[in-house]
Amino acid sequence: MKATLVRPEDVAGRLGAVRERVADAAGRAAGRAGRPASAVRLVVVTKGVPPPVMQAAFDAGATEFGENRAQELLAKAPELRGRPTWHFIGRLQRNKVPGLAPLVDLWQSVDRLELGRAIAGRAPGAAVLAEVNVADDPAKAGVAPDEAPALVDGLRSVGLAVDGLMTVPAAGRDPRPAFAALAALADRLGLPEVSMGMSDDFEVAVEEGATIVRVGRAIFGPRPAAPGVQR
């Protein structure tokens, strides 16, 4: 079946429904007395989404957008009326950093010190998240949990502001243990931001302590598979 994006006029309703689900999940956060919905930032993932549909989300009040691919962010950002907060959430090659540096507000997928150095060279003091492979999945990027403190220290040593941690859980497994582990690790490291959870599992992530969720398909509908992802 061919993947079909929603119409621009339907985006506001779908965005509102996701916000309601985030708020409900925050209210039942595991092991807590609940949290306000404002404690969770919704990053609208715009991979494969054309500018008119993105504009509909922005006009409906979405303020934070996330892109997985450098070339898409560079191509689409100038076409938007208005300036969202841009998150880069995909694997990234260091040679893409110079072009992205003027746009990216939070680099979410920093998985090695070499990439951190490249970011610091172009955007001194930039806000970043250290990516952690808490599920020990060879298909996913990120350092092992026991390597996260060293990565955080290294990123700080080159002048970056490490706001927190990020993960992508292993496909086909219950994501809750991975989410709980990342939240606990961030707490031990004294980091306030925990980015985890996507369209299929963001409610579980919020229940386990996510402060940032990255949601695309639940808002925009299914998108065609891309031929490749850059690192």
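A salt bridge is taken here as a side-chain nitrogen of Lys or Arg within 4 Å of a carboxyl oxygen of Asp or Glu. The structure is a predicted model, in which local features need pLDDT of at least 70 and side-chain atom pairs count only at pLDDT 80 or more, while totals for chains, interfaces and linings use all residues. Residues are numbered from 1 along each chain as its sequence is written, and side-chain values use heavy atoms, with hydrogens and water left out.

By this criterion the structure holds 15 salt bridges. Arg41 takes part in a salt bridge with Glu193, with 3.0 Å between the closest N and O atoms. This pair links distant parts of the chain, since Arg41 belongs to strand β1 and Glu193 to strand β7 (residues 193-195), 152 residues apart. Helices (H or I, at least four residues) and strands (E, at least two) are DSSP runs, numbered from the N terminus. Arg41 also forms a salt bridge with Glu64, where the closest N and O atoms are 2.8 Å apart. Glu64 lies in strand β2 (residues 64-67) and Arg41 in strand β1 (residues 41-45), so this pair ties together parts that are 23 residues apart in sequence.

Solvent accessibility was classed as buried (under 20% relative accessible area), exposed (over 50%) or partly exposed (in between), with a 1.4 Å probe and protein chains only. Glu72 is buried at 15% relative accessible area, and Lys76 is buried at 7%.

Arg214, in strand β8 (residues 212-215), is buried yet has no salt bridge. The nearest side chain of opposite charge is that of Glu131, 6.8 Å away; Lys and Arg count as positive and Asp and Glu as negative, with His and the chain ends not counted. The Arg214 side chain instead reaches the backbone oxygen of Thr167 at 2.9 Å. Contacts of Arg214 (heavy atoms within 4.5 Å), leaving aside neighbours within four places in sequence, include Val43, Val45, Ile89, Gln108, Met166 and Ser195.

Nonpolar cores were defined as sets of buried Ala, Val, Leu, Ile, Met, Phe, Trp, Tyr and Cys residues joined through side-chain atoms within 4.5 Å. The largest such core has 65 residues, and Trp107, Leu165 and Val213 are those with the most contacts inside it. Not counting residues up to four places away in sequence, Trp107 touches residues including Phe88, Leu92, Val97, Ile119 and Leu129. A second, separate core of 7 residues includes Val43, Leu106, Leu129 and Met166.

Ser38 lies in the loop between α1 (8-27) and β1. Ser38 is exposed, with a relative accessible area of 68%. In sequence Ser38 is 16 residues from Val22, and the C-alpha atoms of the two are 9.5 Å apart in space.

Notes:
Polar contact = N/O pair within 3.5 Å; in protein donor to acceptor, adjacent residues only side chain to side chain.
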